Amino acid sequence: MELGVSLAAPSVQELARSLKDIPTRYVRPELELDPVSKDESVQVPVIDVSKLVGGRDDEEDELAKLHAACRDWGFFQVINHGVADEVILKMKADVQEFFSLPLQEKMEYAPLPDDIQGYAPSHVVSEGRKLDWSDFLYIVAQPRDGRNMRFWPRVPSSFRETLNQYSTELEKLKSALLSSMARNLGVEPEKLLTLFEGGRQGVRTNYYPPCKQANKVLGSSPHSDAAGLTLLTQVNEVKGLQIKRNGKWISIDPIQGAFIVNVGDIIEIMSNGEYKSIEHRAVVNPEKVRLSIAAFHNPNSNAMIGPLPDILGKDGKKQAPKYKSISYQEFMMLREDPKADGKEKSPAHQMKLQTNDAQ
Ligand code: OGA
Ligand code: NI
């Protein structure tokens with residue numbers, strides 16, 4: 001089937017419909033050896049955002065809880081986050097409708113050479129590398145003047161307005177969380193917010209078709225997010241996100257209406273390693289489609305990516321830097337390096353300085 005020049009891999013949605021045997025490019029024999037925690041009661045912390053911003057008596061407790069979540073988990077869920085239910089529900093409905101369109105219609109939004117935006121099956125990052133059991137739609141939603149409307153679906157007709165609203169609301173939540181994180185790190189909130197002001201927000205909808213041999217494939221390979229802060233919504237009731245903790249995979253149980261938040265490589269670096277960008281992956285369901293919407297928030301293009309000066313203190317008096325400082329452009333080159341796949345080669349890992357912790 002001729003799907004167009006830029007298609008490096010077939011649509012998994014179509015594959016899942018038509019095939020009995022899974023092509024070997026998707027099969028991962030090593031999965032059986034990977035321990036998954038059986039203890040379902042172990043869950044990431046839950047943060048009540050309304051307590052962080054209200055100046056209420058319980059503010060300090062909630063700030064401390066957030067600090068511990070960023071430090072010890074790198075992942076948490078947020079409730080009472082201020083994003084209206086209708087906005088989230090509409091976004092969920094519209095992405096589901098988009099993915100239910102015939103392949104040909106979705107392909108109108110296929111990526112162009114040299115652009116990562118659009119509707120695509122999982123990339124072939126390098127020859128011989130396993131493929132993810134997923135398709136996705138990736139759109140740069142912020143800043144407004146960075147939008148390329150070519151990749152914004154026209155069907156359903158409400159899609160563009162829905163994404164605009166969703167994206168704008170998420171920007172507010174991002175700033176509220178960054179501001180609290182800055183306070184916890186002893187950094188003036190304005191300084192961190194300025195670095196992220198006008199930064200790129202990429203919204204990626206992941207579509208994971210069911211797979212009869214679900215335990216042999218992965219919807220998303222283990223990775224850490226290179227961005228600053230990720231806000232993720234699970235679209236339907238099907239679970240699949242797992243995070244690595246103490247050598248085991250833990251399945252996240254999403255709370256209805258909450259967002260799953262994770263610290264990305266950039267915040268790990270800016271916090272000088274105090275906060276952790278945790279490895280995670282997505283597994284697929286044998287019978288049901290799973291969808292998620294991940295919004296990645298980045299600093300603006302003038303920002304230096306490195307430990308924050310307030311954390312290091314004057315001349316590094318408070319702390320020695322554990323990471324290099326590089327320009328945003330240099331950072332983008334690091335993260336787009338096709339060899340930078342998996343946690344071991346993540347940007348944060350590559351920017352680590354040799355330190356002597358014994359001193
Ligand atoms: C991602 C991601 C997990 C999920 O898109 O970076 O980690 O649950 N997604 O879909
Ligand atoms: Ni991720």
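**View 1. The annotated segment, residues 199-299.** Helices (H or I, at least four residues) and strands (E, at least two) are DSSP runs, numbered from the N terminus. UniProt lists these residues, 199-299, in an unreviewed entry as "domain: Fe2OG dioxygenase"; its positions are given in the numbering used here, feature names are shortened, and annotations may be inferred rather than shown by experiment. This is a predicted model, in which local features need pLDDT of at least 70 and side-chain atom pairs count only at pLDDT 80 or more, while totals for chains, interfaces and linings use all residues. Residues are numbered from 1 along each chain as its sequence is written, chains are lettered from A and ligands numbered from 1 in the order in which they are written, and side-chain values use heavy atoms, with hydrogens and water left out.

**View 2. The nickel ion (ligand 2) and its protein donors.** The nickel ion has as its protein donors H223 (NE2), D225 (OD) and H280 (NE2), which lie 2.1 to 2.2 Å from it. Donors are N, O and S atoms within 2.8 Å of the metal (3.2 Å for Na, K and Ca), and water is not among the atoms, so sites may look incomplete. Along the chain, the donors follow the spacing H-x1-D-x54-H. Because H223 lies in strand β6 (residues 220-223) and H280 in strand β11 (residues 280-282), the pair ties together parts that are 57 residues apart in sequence. H223 is partly exposed, with a relative accessible area of 22%, whereas H280 is buried, with a relative accessible area of 5%. Here buried means under 20% relative accessible area, exposed over 50%, and partly exposed in between (1.4 Å probe, protein chains only).

**View 3. The shell around ligand 1.** Ligand 1 is surrounded by R204, N206, Y208, H223, D225, L232, L241, H280, R290, S292, A294 and F296, where a residue is near a molecule if one of its heavy atoms lies within 4 Å of it. Sorted by class, this shell has five nonpolar, four polar and three charged residues; Ala, Val, Leu, Ile, Met, Phe, Trp, Tyr, Cys and Pro count as nonpolar, Asp, Glu, Lys and Arg as charged, and the others, Gly among them, as polar. A polar side-chain atom of N206 lies 3.1 Å from an oxygen atom of ligand 1, a polar side-chain atom of H223 also lies 3.1 Å from an oxygen atom of the ligand, and for D225 the distance is 3.3 Å. The protein covers 96% of the 290 Å² of accessible area that ligand 1 has on its own, with accessible areas taken from the Shrake-Rupley method with a 1.4 Å probe, and for residues only the protein chains shown counting as cover. The elements that give two or more residues to the shell are β5 (201-208) and β12 (290-297), and β12 gives the most, with four residues.

View 4. D265 is found in helix α8 (residues 265-270) and counts as buried, at 0% relative accessibility. The side chains of D265 and S224 are joined by a polar contact of 3.0 Å. A polar contact is a pair of N or O atoms within 3.5 Å; within protein, one must be able to donate a hydrogen and the other to accept it, and residues adjacent in sequence count only if both atoms are side-chain atoms.

View 5. The peptide bond from Q142 to P143 is cis, with omega near -5 degrees, and P143 lies in the loop between β4 and α6 (159-185). The peptide bond from V155 to P156 is also cis, with omega near -5 degrees, and P156 is found in the loop between β4 and α6.

**View 6. Two asparagines with positive phi.** N246 has a positive phi of about 50 degrees although it is not a glycine; its place is in the loop between β8 (241-245) and β9 (248-251), where N246 is exposed, with a relative accessible area of 73%. N272, likewise not a glycine, has a positive phi of about 55 degrees and lies in the loop between α8 and β11, but N272 is buried, with a relative accessible area of 1%.
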